[in-house]
Amino acid sequence: MSLEIAWPVQALLLTYLLMSLVCFVAYWRDKRFAVAGAQRIPESRLHLYELLGGWPGGLLAQRLIRHKNRKLAYQVKFWLIVAVHLGILGSWVISRLG
């Protein structure tokens with residue numbers, strides 16, 4: 001892999017990793033707040049973390065801690081964010097192959 005391709009891939013992976021950690025922790029905290037009856041993290045903030053690359057961490061949190069996985073309106077926005085990310089990533093990969 002040439003340096004001109006390796007650098008963007010590494011930066012993207014690092015961004016996804018860091019934002020996934022941020023997103024997972026935010027889901028975890030929001031779940032704790034919900035159980036305690038405390039003030040919650042706004043859904044718009046969770047979606048922002050997902051949009052900034054944290055959707056893999058959000059997906060993992062939905063599966064492991066079972067948070068935000070049954071609310072339809074939330075899931076629709078979540079999967080739209082995932083689709084946007086995968087569409088852009090797929091488009092980038094295809095442009096590099098062609």
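Select tyrosine 16 and tryptophan 55 to begin: both of these residues are buried. You are looking at a predicted model, so please keep that in mind as we go around.

**Stop 1**

How are the rings of tyrosine 16 and tryptophan 55 arranged? Their centres lie 6.3 Å apart and their planes meet at 85°, which makes the pair edge-to-face, because planes over 60 degrees apart count that way. Tyrosine 16 belongs to helix α1 (residues 3-36) and tryptophan 55 to helix α2 (residues 43-64), so their pairing ties together parts that are 39 residues apart in sequence.

**Stop 2: a second ring pair**

Next, select tyrosine 27 and tyrosine 74. These two form an edge-to-face aromatic pair, with 6.3 Å from centre to centre and 85° between the planes. Which helices does this pair join? Tyrosine 27 is in helix α1 and tyrosine 74 is in helix α3 (residues 72-97), so parts that are 47 residues apart in sequence are tied together here.

Are these two tyrosines buried or exposed? Tyrosine 27 has 0% relative accessibility and counts as buried, because the cut-off for that is under 20%. Tyrosine 74 is buried as well, with a relative accessible area of 0%.

The charged end of lysine 68 sits over the ring of tyrosine 74, at 5.3 Å from the ring's centre.

**Stop 3: a histidine in a loop**

Move on to histidine 67, which you will find in the loop between α2 and α3. With 6% relative accessibility, histidine 67 counts as buried. What does its side chain touch? Show aspartate 30 too: the side chains of histidine 67 and aspartate 30 make a polar contact of 2.7 Å.

**Stop 4: out to the surface**

Switch to a surface view and select Leu14, Leu17 and Leu18. Together they make a nonpolar surface patch of about 310 Å². Leucine 17 is placed in helix α1, and it counts as exposed because its relative accessibility, 57%, is over 50%.

**Last stop: the whole chain**

Finally, zoom out and colour the chain by secondary structure. There are three helices and zero strands, and the order from the N terminus is α-α-α. The C-alpha trace spans about 50 × 25 × 20 Å along its principal axes. Of the chain's 98 residues, 28% count as buried.

Key:
Residues numbered from 1 in each chain as written. Predicted model: local features only at pLDDT ≥ 70, side-chain atom pairs only at ≥ 80, totals over all residues. Heavy atoms only, no water. Phe/Tyr/Trp six-rings, centres within 6.5 Å; stacked < 30°, edge-to-face > 60°. Helix = DSSP H or I, 4+ residues; strand = E, 2+ residues; numbered from the N terminus. Buried < 20%, exposed > 50% of the residue type's maximum accessible area, 1.4 Å probe, protein only. Lys NZ or Arg CZ within 6 Å of the ring centre and 35° of its normal. Patch = residues over 30% accessible without salt bridge, like charges linked within 9 Å, V, L, I, M, F, W, Y side chains within 5 Å. Areas by Shrake-Rupley, 256 points an atom, 1.4 Å probe, with all protein chains shown as cover. Salt bridge = Lys/Arg side-chain N within 4 Å of Asp/Glu carboxyl O. Polar contact = N/O pair within 3.5 Å; in protein donor to acceptor, adjacent residues only side chain to side chain.
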